Amino acid sequence: MKLMVLMVPLILVSGFVVIFGLRSTTTSSWDFIARQPAWLWWGHIGNSSLNGASSVKVHAKESDESPPLINGFSPPPQAVEALPFEDPNVLKRDVSETSGPIAAPANEALDLATKTRHKTEHTSLEKLEAGLQKARVALKEAKNGKQADDPDYAPAGPMYWNAKVFHRSYLEMEKQFKVFVYGEGEPPVFHNGPCRSIYSMEGNFIHRMEIDGHFRTKDPDKAHVYFLPFSVAMMVRFIYERESRDFGPIRRTVSDYINLISGKYPFWNRSHGADHFMLACHDWGPEASFSVPHLGKISIRALCNANTSEKFNPIKDVSLPEINLRTGSIKGFVGGLSPSKRSVLAFFAGRLHGPIRPVVLEHWENKDDDIKVHQQLPKGISYYEMMRGSKFCLCPSGYEVASPRIVEAIYAGCVPVLISDHYVPPFSDVLNWKSFSVEVPVSDIPSLKKILTSISPRQYIRMHRRVLQVRRHFEVNSPPKRFDVFHMILHSIWLRRLNVGIHDDHFSSN
């Protein structure tokens, strides 16, 4: 009883210190987006046993409030606060310590072999985490350091939240980031995807990841992340039963695949899927991800449909650019007139699709000579030529928040006007979209001309120049080039992996 009387107050005091200590953490030591409202998230995920009965340990929590919307748009994810730095070169164990006796009874030898393997795996994981901690420290130091030399491209300018930090992060990614692609599954649903459609980023990324020789590793113990190579677009084409409108076959396919790889490999259960990622440009990508709760809530989801009102979480999820590669290539789609030769203030052409476009058409179709809005273009007028000759290109969402017009506008050198609510634009953890685009909430559609004409000629020229500078980050190249869309997607995934520390309680207790 005396012991209890002493212990209870200590426990209560400790609890208050932990709770209020976490709540008082309001600033980040990284500064991708220092001017945006910050929220911190650092998840340490541990496996408490070998049978998959894992526990998630969070050492700093997400804000209790949802990230605030800025002009109807969710701000980009705040980079997380790095843990206190420990020398990454000093590991708790070395592989050489795991060698056991030369001979032992059969059962003891098996048990010893299991423990030895576990210690080896633990050391491999520790090495990965130590390398990530080195990268975190390098990013923190880059904030106030010198710009790194780069023979190809050195990011600079207001298009980036912090160009030096981004550049250092990119170089660290090139130096150490490794991706393991699960080999299980058969085409056309797995290891395959569309490459000549509005969902082309699914097939393009899967194909590039499969043949990549730099970032892909065939040794899963050396991987920082694990790619689930299924295509939601191909599931819709080959598995979905249109007559029955039954989503069940897609859910079962995703669930069965997670069950397969989690039973064959230890990595899903080790992290609850936090170091696994899926990629989908189909509208049903988010729905497919929740076929397995941990896939939707914990794993990294790279999605074109980056809608915060539909559970897109910019802290852990990645916003993909939607690129309609009609011919499988961007050849012939990149380039446009100089600012002085762009005679049209704003342009849009597109079908009634979703709730926003009808509002645009209602207010602006055939209503103003400066704002060319069409449901269907007049005969003989080229859609792409209109983009190349317009100052601003309207990019209203359809049924889903993403629109291929955003990248089409960037290709044409036309300043994109994003008309949407709850949309997180691609690569917004690195790119400051407000410096090279115009964000218009749906409620301000009637004021479009007033908003656009309030931008001075000098400011428009700056925005146009910045569009041309960031265009490299959206270009699809074969083979990929540094800083292009393939590498920017990987970089976004790399950043999310930096936001997570993984350990295994079972291993660390031995």
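Buried means under 20% relative accessible area, exposed over 50%, and partly exposed in between, with a 1.4 Å probe and protein chains only. The model is predicted: local features need pLDDT of at least 70, side-chain atom pairs count only at pLDDT 80 or more, and totals for chains, interfaces and linings use all residues. Residues are numbered from 1 along each chain as its sequence is written, and side-chain values use heavy atoms, with hydrogens and water left out.

Of the 510 residues in the protein, 54% are buried. Helices (DSSP H or I, at least four residues) and strands (E, at least two) are numbered from the N terminus; the protein has 16 helices and 13 strands.

Arg466 lies in helix H14 (residues 457-470). Arg466 is buried but has no salt bridge (a side-chain nitrogen of Lys or Arg within 4 Å of a carboxyl oxygen of Asp or Glu). Lys and Arg count as positive, Asp and Glu as negative, and His and the chain ends are not counted. Two distances describe the surroundings of the Arg466 side chain:

Rings of Phe, Tyr and Trp (its six-membered ring) pair if their centres lie within 6.5 Å; planes under 30 degrees apart count as stacked, over 60 as edge-to-face and the rest as tilted. The count is 28 aromatic pairs. One of them, Phe166 with Phe483, is edge-to-face, at 6.1 Å centre to centre and 75 degrees between the planes. Phe166 sits in helix H3 (residues 163-176) and Phe483 in the loop between H14 and helix H15 (485-498), 317 residues apart. Both Phe166 and Phe483 are buried. Together with Tyr153, Tyr160 and Tyr170, they form one aromatic cluster.

Notes: Polar contact = N/O pair within 3.5 Å; in protein donor to acceptor, adjacent residues only side chain to side chain.
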